[in-house]
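Student: I have a model open and I'd like to learn how to read a few of its features. Can we go through them together?

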Amino acid sequence: MSDDGAPENRGGVARHGRLKKRGPAGVVVRGLAAALAVVLVSSTSVAAIATWQVLGAAKPTVSLAVPGVTADPVPELTAQSGEVNMLLVATDTRQDQGAGFDDPANQAASLGVGNNDTTVLVHISEDHTNMAVISFPRDLMLPVPACTNDAGETTPASSKAMLNTVLARGGEQYGLACVASTISQLTGLQIDYAGSIAFGGVVSMADAVGGVDVCLATPIKDNDVTPALDLPAGTQNLTGAEAGAFLRSRHGVGDASDLGRISNQQTFMSALARQVVSAGTLTDPTKVLRLARTAFENMTLSDTLSSPTTLAQIAIAVNTVGLSDMVFLQYPVADDPANRNRVVVDATAAELLNATLQANQPVVLAEDSLGRSAIVDPNAPAPTPSAAGDDPTAEQTPTTTGPTTGPSGAPAAPSPTVTSVPLPSSVSGQSADQVTCAVKK
């Protein structure tokens, strides 16, 4: 039995913490990496979002400051420059999530702030020419720094803990700060912005965009989500609770692992990004205002996102990144030798990715990088070449950064020389303009 109550897989493919009747998983990727990194993508949306009408609907903000630690100032953002590192978290709490989650079993599974069932980092380069949306597996075992909790006490550091337990270590007020510190320690990036969302907000977001058209290469059936899924192959418009169930599904896609679910979410995210842009949603003030208000009504934001000016500047930054330069990827991991239901950091690939992000270089995926739940849509046009060059696998001019101050306030070592060469094929993902289909393997 795994420590989250799920039976361990004794044979075949490692399932990495499979759970029955999954709660609101990973909706940040759709609701946030797609609401705060796709919905905010035009001058019209900037005008709509930077209004107090929208901000007035937001929940109280929380701080990302770590008591006793002096962090670097938040980078200055302009229309042309300023690095953005924004953490997006989906909590699996069942509290106040409505029908389907109000039974005793669900209520016993996760209450209060819940677990960070999906953790995503949105990185926009300092020159606003490229963007990476990085998903971190919930079952990732990694070091976790000490965190302040709601009682004002310190939750001790752990040398090895599961990532999805970190939000609960900090609680309602400090949970986002705890997750941000953990991901900052892992990647070497200073995280200045953050937001979290629960399942109820995802249903509203899916409806606000009129549903998302997703390609299914095989039928998708899963009775372990609410509502149960029974979707035929072909292009399906997913709305409301059905969209949420699709994004939570493990047994219906890929190899029934959490890594397969991340791949499935990348297929959904890229479809959402293309659909919102092509449908002219971002040039319609009424639609944008509705999307923004829906997102802010259901999100808890860091205090660094409470300013309409900051939101406008982030929106402009995203607006400069084309679909071909928007990459969705999974943080590099390998099976945990101590527990086949868990994963650990793939040190070699992670070092290369971290250095690429720290140097603000474009993330270039290997040619065959699609995840466990995705295949290329054979009927789709070829993606547009990346802005990094006509040949996306060609080496670019090396970039070396000088000494800086790290997230902890201590001097950081110079970043290594980085060239934009493809990451290892073990790092899965896709660009936003790459049309993929969900598949059950």
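Student: Is Gln265 buried or exposed?

Tutor: The cut-off for buried is under 20% relative accessible area. In this predicted model, Gln265 comes out at 1% relative accessibility, so Gln265 counts as buried.

Student: What does the side chain of Gln265 reach?

Tutor: For a polar contact, look for a pair of N or O atoms within 3.5 Å. Here the side chain of Gln265 gets to the backbone oxygen of Leu247, at 3.1 Å.

Student: And which helix is Gln265 found in?

Tutor: Gln265 belongs to helix H8.

Student: OK, what is the strand order of the open sheet?

Tutor: Read across it: E12-E9-E21-E17, four strands with mixed pairing. Strands E12 (234-238) and E17 (374-376) are at the edges with a single partner strand each, so one side of each has no neighbour in the sheet. On average, neighbouring strands are turned by 50° against each other, ignoring direction.

Student: How many bridges join E9 to E21?

Tutor: Two, and the strands run parallel: E9 covers residues 212-216 and E21 covers residues 436-438.

Terms used
Residues numbered from 1 in each chain as written. Predicted model: local features only at pLDDT ≥ 70, side-chain atom pairs only at ≥ 80, totals over all residues. Heavy atoms only, no water. Pairing = 2+ DSSP bridges. Axes fitted to C-alpha atoms, helices over the stretch in contact; angles between N-to-C directions. Buried < 20%, exposed > 50% of the residue type's maximum accessible area, 1.4 Å probe, protein only. Polar contact = N/O pair within 3.5 Å; in protein donor to acceptor, adjacent residues only side chain to side chain.
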